[in-house]
Amino acid sequence: MNRNHWQPTAEILTLRERAKMLADVRAFFAERGVMEVDTQCLSQAAVSDPFIDSLEVSYSSYPGAEEQRYYLQSSPEYAMKRLLAADSGPIYQLAKAFRNGEVGRLHNPEFTMLEWYRPRFSAQQLMDEVQALVTAVLGPQHWERLSYRELFKRFVGVDPHQATIDQLKALLEPHFECPFTDDRKDTWLELVMSHLIEPKLIEPVLVFDFPASQAALAEVVEDDQGVKVAARFELYAGGMELANGYQELRDPAEQAERLEADDQQRESSGLPRRPLETRLVSALESGIPACAGVALGFDRLLMIKVGASSIKEVVPFGFERC
Amino acid sequence: MGNVSSGQFKTGMKVMIDGDPCNMVEVEFVKPGKGQAFTRVRLRNLMTGRIWERTFKSNESAETADVMDRDMEYLYSDGEMWHFMEPSTFEQYAADEKAVADCSQWLKEGDKVMITLFNDNPIAVTPPNFVELEVTETDPGLKGDTAQGGSKPATLSTGAVVRVPLFINQGEVLKIDTRTGEYVSRA
């Protein structure tokens, strides 16, 4: 800690914009009859995603008592789905989310996530609502919707569902040396996406039909070419990833399998294994309505609004000053 | 030297890549919401000057390079090597033509320069941003022409040739910006 670094990393003028954006978001959902919730940051379960590391905190019932391990939520997803299963109806949240090790120009280990769920909405309907919300905040812009396949074809000229690892690697090599081996095709798709495509997506683009292997908690369906795809969409704008949405998986058995598969991958990658959110499986067993949900990086949206190049310019105290 | 993992990379860090010391010019953490983390680094090879981009996975690491910058005084050149001295220890270092490179045209005996050492050998010499050098040869100055445009070449005591205003005369000492190679003012 440097005692001279007391000042905020954001200008007060930017924090005024931040306050206005928070108010705009709340007004948007109030008008649409979506209830605000604030689920707990602490949980007994950690996120299963092998590429997200939960921050740990210890709780003791009195100083010196045996410590119990809790985890800071990496997104409010699990808790909000438990509310949906308890018949909450449409809900949204401006949540603090925490991710260990994620710090950079576009990442702060503690950030604000706008997440919402819409019972009986299709992914297409939720994309409409994402567009309406972003338009309410940023004003009218030129929007596009492209499937993951169309996006790859347009920007790098390959079909991502057919391309081989070698073909994807060959796209990268002229621009970025990637001298490692990785048998996981998604690694190479993610590299092409983040290194070659994403920086070019300045105006908002909604991308849908992701590879089934990148489904996370989305349903898997077949596209018009008979390829299995995830009913998942992403919003890109300002050259960065802004939101991630799903037609939510509702099958408890499938959910249990995906948690288990994540846990296996954590083990084989030598990552710490942590309590899985089995209560989500129970919630799905009791039944949640067919719904679509999306998580949007509130700080990044504000970056676009104020023209900031780094996330620390839009939060009061960026990581090195928190 | 130790290893540093890609998550700890920072701008300005010096690492060994394919056997050469390299400077991290720019470091960017890249991570999709769903998917792996990468660290994208713009590197400059300190031996060859080559600049390129390389991406590291989150479990990769690099060996740190024993590279440091030291302020030294330029002593003399023997025609083959350039000799420098650490003023506090009087330790002397000899740099070859490759290390001195373009800097040789700004080196005046007794001036302070920055020497980049790799494994204790000079690999680069950086002159001060501004140097003061005497004009050894130029066309005669034009009286009265003090500000209005026009320039002419002037050869300086180190052999460097710079564009100077028409009113500059042989024997004058000039302030030069070594980063651009441009005349700034009379010293």
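In which sense do strand β15 and strand β16 of chain B pair, and over how many bridges?

## A hairpin in chain B

Strand β15 (residues 173–177) and strand β16 (residues 182–186) of chain B pair in the antiparallel sense, over 4 bridges, where pairing requires that DSSP find at least two bridges between two strands. I176(B) has Y183(B), in β16(B), as its bridge partner, and among the 4 residues between the strands of this hairpin G181(B) takes a positive phi near 75°. Strands here are DSSP runs of E with at least two residues, and helices are runs of H or I with at least four, both numbered from the N terminus.

## Basis of the model

This is a predicted model, in which local features need pLDDT of at least 70 and side-chain atom pairs count only at pLDDT 80 or more, whereas totals for chains, interfaces and linings use all residues. Residues are numbered from 1 along each chain as its sequence is written, chains are lettered from A and ligands numbered from 1 in the order in which they are written, and side-chain values use heavy atoms, with hydrogens and water left out.

## Helix α6 of chain A

Helix α6 of chain A (residues 185–197) has 13 residues and reaches 17 Å from its first C-alpha to its last, close to the 18 Å expected at 1.5 Å a residue; the expected span is 1.5 Å times one less than the number of residues. Because 12 of its 13 residues are buried, α6(A) is largely enclosed by the rest of the structure; the buried residues include W188(A), E190(A), M193(A) and H195(A). Buried means under 20% relative accessible area, exposed over 50%, and partly exposed in between, with a 1.4 Å probe and protein chains only.

## The cavity

The count comes to 1 cavity of 30 Å³ or more, and the largest cavity has a volume of about 100 Å³. Of the 13 residues that line it, the closest to its centre are E190(A), M193(A), Q214(A), Y236(A) and P32(B). A cavity is a set of points, on a 1 Å grid over the protein atoms alone, where a 1.4 Å probe fits but cannot get out, and lining residues have an atom within 4 Å of a point; grid points are joined across faces, edges and corners, and the volume is the space filled by probe spheres set on the points.

Both α6 and β10 (228–237) of chain A supply at least two residues each to the lining of the largest cavity.

K57(B), which lies in strand β5 (residues 51–57) of chain B, counts as buried at 10% relative accessibility. Leaving aside neighbours within four places in sequence, K57(B) is in contact (heavy atoms within 4.5 Å) with residues including F180(A), D182(A) and S6(B).

Notes:
1 Å grid on protein atoms, 1.4 Å probe; cavity = no way out; pocket = protein on both sides within 12 Å on 5 of 7 lines; lining within 4 Å.
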